[in-house]
Amino acid sequence: MADYILEAENLSYIYPDGTQALKGLYLRIPRSQKTAVLGSNGAGKSTLFLHFNGILKPKSGTVKFNGNNVSYDRRSLLELRKNVGIVFQDPDSQLFSASVYQEISFGPLNLGLTEKTVRDRVERAMTATGINELKDKPTHMLSYGQKKRVTIADILAMEPQVLICDEPTAWLDPKHAKQTLQLFDKIIQNGTTVVLSTHDVDLAYSWADYVFIMSDGRVIGEGVPDKVFSDDALLRNADLDRPWLVDVHDLLIKKGCIPPKATLPRNKEELFEKILYHGICTGEQ
Ligand SMILES: Nc1ncnc2c1ncn2[C@@H]1O[C@H](COP(=O)(O)OP(=O)(O)O)[C@@H](O)[C@H]1O
Ligand SMILES: [Mg+2]
């Protein structure tokens with residue numbers, strides 16, 4: 001099996017109104033990891049994602065899934081969409097069934113699975129996203145955050161090899177944003193690849209195993225979070241700020257509170273540990 005589940009080679013795309021959204025973009029998404037595509041608004045993240053399951057067809061360049069070029073005939077696209085599930089940024093563009101249960105069962109029913117298998121998959125997806133109590137609710141009556149969780153359950157019930165989520169935490173309250181990221185951590189454990197797009201540097205920094213930085217239709221940097229977020233010039237070029245954890249960590253080193261060259265803390269807890277272990281603060285009251 002190829003090491004990379006999705007690849008884009010020299011990918012270009014122009015919208016009908018003439019906007020060139022992708023400009024010869026290269027990227028390879030590692031299998032079974034948490035990948036974040038980070039970029040400010042208009043960088044081309046959503047356009048890129050729409051190429052991953054063939055909703056958009058490149059003007060030039062290629063998209064590969066599991067090492068094979070994507071084909072755009074009906075049968076190949078159906079097969080691709082079974083394996084590459086996309087959760088759109090706006091849940092209203094994805095929901096179309098009457099009730100939550102019907103909505104989530106629609107995809108698996110279309111795969112020709114038995115009724116029992118469909119039921120099991122829908123139940124599992126509802127449990128994973130914490131929406132069991134919404135089962136019989138009409139989808140148009142849900143709150144934005146609830147709709148978002150239903151769209152994630154929609155895709156989970158398809159059991160794709162890769163789950164792609166466009167700005168998954170935008171408009172979610174902190175509690176549900178955290179739950180969604182924890183859910184992705186769980187999904188990864190079954191070997192599913194999770195790819196998300198975000199303009200939130202703090203989210204990409206603390207969540208991802210691997211990060212691509214996009215700007216103006218291209219990937220202008222990539223790597224593990226430690227590397228990418230230590231590169232100030234790269235962040236500046238992409239119109240992105242440094243994650244607050246990196247800023248605070250730097251300041252603590254400058255002020256002599258913790259030794260230089262220490263590895264970067266990935267979350268608040270790791271930062272506190274460093275301060276207590278190395279720092280001038282003893283933790284005593
Ligand atoms: N349907 C569309 N028609 C014309 N231009 C579009 C369309 N969708 C996006 N664009 C443009 O393409 C560029 C990339 O947009 P997008 O992929 O949505 O970026 P991101 O998701 O990173 O915010 C932007 O300049 C945006 O205005
Ligand atoms: Mg977008």
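This is a predicted model: local features need pLDDT of at least 70, side-chain atom pairs count only at pLDDT 80 or more; totals for chains, interfaces and linings use all residues.
**Ligand 1**

The shell around ligand 1 is made up of Tyr15, Asp17, Thr19, Ala21, Ser40, Asn41, Gly42, Ala43, Gly44, Lys45, Ser46 and Thr47. Sorted by class, these residues comprise three nonpolar, seven polar and two charged. Helix H1, which spans residues 45-52, contributes three residues to this shell, the most of any element.

| Residue | Part of the residue supplying the N or O atom | Distance to an oxygen atom of ligand 1 |
|---|---|---|
| Gly42 | backbone | 2.7 Å |
| Ala43 | backbone | 3.2 Å |
| Ser46 | side chain | 2.9 Å |

On its own, ligand 1 exposes 560 Å², and the protein buries 63% of that area.

**Helices H5 and H6**

Two packed helices are described by the angle between their axes and by the distance between those axes. For helix H5 (residues 144-156) and helix H6 (residues 174-189), the axes come within 12 Å and cross at roughly 10 degrees. Angles under 35 degrees count as roughly parallel, and H5 and H6 are therefore roughly parallel to each other. On the H5 side, the contact is formed by Arg149, Ile152 and Leu156. The H6 side supplies His176, Gln179, Thr180, Leu183, Phe184 and Ile187. The contact of H5 with H6 comprises five nonpolar residues, three polar residues and one charged residue.

**Helices H10 and H11**

The axes of helix H10 (residues 244-254) and helix H11 (residues 268-278) lie 11 Å apart, and the helices pack at an angle of about 10 degrees. This angle makes H10 roughly parallel to H11. H10 takes part in the contact through Trp244, Leu245, Val248, His249 and Leu252. By class, the residues in the contact of H10 with H11 divide into six nonpolar, one polar and two charged.

How values were computed
Residues are numbered from 1 along each chain as its sequence is written. Chains are lettered from A and ligands numbered from 1 in the order in which they are written. Side-chain values use heavy atoms; hydrogens and water are left out. A residue is near a molecule or strand if one of its heavy atoms lies within 4 Å of it. A polar contact is a pair of N or O atoms within 3.5 Å; within protein, one must be able to donate a hydrogen and the other to accept it, and residues adjacent in sequence count only if both atoms are side-chain atoms. Accessible areas come from the Shrake-Rupley method with a 1.4 Å probe; for residues, only the protein chains shown count as cover. Helices (H or I, at least four residues) and strands (E, at least two) are DSSP runs, numbered from the N terminus. Ala, Val, Leu, Ile, Met, Phe, Trp, Tyr, Cys and Pro count as nonpolar, Asp, Glu, Lys and Arg as charged, and the others, Gly among them, as polar. Axes are lines fitted to C-alpha atoms, for helices over the stretch in contact, and angles run from 0 to 180 degrees between N-to-C directions. Angles under 35 degrees count as roughly parallel, over 145 as roughly antiparallel, 65 to 115 as roughly perpendicular and the rest as oblique. Contact means heavy atoms within 4.5 Å.
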